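Trainee: I'd like to go through the labels used for this model. Can we take them one at a time?

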Amino acid sequence: LSNAHNPSMAIMSSCSAQSSIKFAIIAFSIFSVTSFVFFVESSMIGITSPATCHDYNTPEWSRGKLTNTPIHGRLSLANLPTPIHKCPVNIGYSKKVNTLFIKRDDMTAGVELGGNKIRKLEFLLADALQKRHDCVVTIGGEQSNHCRATATAARMVGLEPHLILRVRRDKVEDNVKLGYTGNLLFDRMVGAMIHTCTPGEYGRFGSHALLETVCCKLRSKGKNPYPIPVGGSNAIGSWGYIEAVNELKEQLEVAQQDIDHIVFACGSGGTAAG
């Protein structure tokens, strides 16, 4: 199941299609109270497919400074712009902080896509579609928000999702122990192919080698995989947060509001790049 010298042996693959179908049926029956299905001529009301790639005009302030522009445009998957909320600062904050705002990027979409990753995926999946890939491969932790959003978005646009999840050794050897909770439930609901590796294997081989191992296996089966790095943070994905900063800049200009500092959590570095 694993080999300390060979990354191709460090990944355990599994596919529980029956479980995915079972849980999808349960999920739809749970959500049917607030979900609606309708059939109309989409051309009549201006509805486009989520797989439609739109031209992207880079922010004026970035032109001439950033040259690796996303030539394949972007998808329209997120609910943008996200709002900015003013928060009270009278409890628990430094006396030097007079005003605190929160950019609500937790509101980019619903629970299946929401969070900051969808901004990057709009550019990454547009690139994958325009290059004629038929599946995507990404990597993250057992309950990775990025992997959940990638799997869901990929299914929305017709790409098969493959996830490499970093889990404990006993879960590598027994896929049932992965369970059906949290983001793993969403991963299974959209029929993601789940591959696993241990934290030790992740540390020895690195995410790029593990991604390439799964991609090689898929190519040998006639697939054309598109690798997406941890967090979706690469030259293309980073444009999601370059555009987010442009969005923030425009919102502050309209509100005539100055700010002194921007504070954010940093994982894979995509937000920091923006």
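Trainee: How do the axes of helix H4 and helix H6 lie, in distance and crossing angle?

Mentor: This is a predicted model, where local features need pLDDT of at least 70, side-chain atom pairs count only at pLDDT 80 or more, and totals for chains, interfaces and linings use all residues. Residues are numbered from 1 along each chain as its sequence is written, and side-chain values use heavy atoms, without hydrogens and water. The axes of H4 (residues 145-156) and H6 (residues 182-189) come within 9 Å and cross at roughly 20 degrees. Axes are lines fitted to C-alpha atoms over the stretch in contact, with angles from 0 to 180 degrees between N-to-C directions. Helices are DSSP runs of H or I, at least four residues, numbered from the N terminus.

Trainee: Why are H4 and H6 called roughly parallel?

Mentor: Angles under 35 degrees count as roughly parallel. The crossing is at roughly 20 degrees, so H4 and H6 are roughly parallel to each other.

Trainee: Which residues of H4 and H6 meet?

Mentor: Asn145, Cys147, Arg148 and Ala151 in H4 meet Asn183, Phe186 and Asp187 in H6. Contact means heavy atoms within 4.5 Å. By class, this contact of H4 with H6 has three nonpolar, two polar and two charged residues. Ala, Val, Leu, Ile, Met, Phe, Trp, Tyr, Cys and Pro count as nonpolar, Asp, Glu, Lys and Arg as charged, and the others, Gly among them, as polar.

Trainee: What classes make up the lining of the largest pocket?

Mentor: That lining has 17 nonpolar, eleven polar and nine charged residues. H9 gives the most, with five residues.

How values were computed
Helices (H or I, at least four residues) and strands (E, at least two) are DSSP runs, numbered from the N terminus. Angles under 35 degrees count as roughly parallel, over 145 as roughly antiparallel, 65 to 115 as roughly perpendicular and the rest as oblique.
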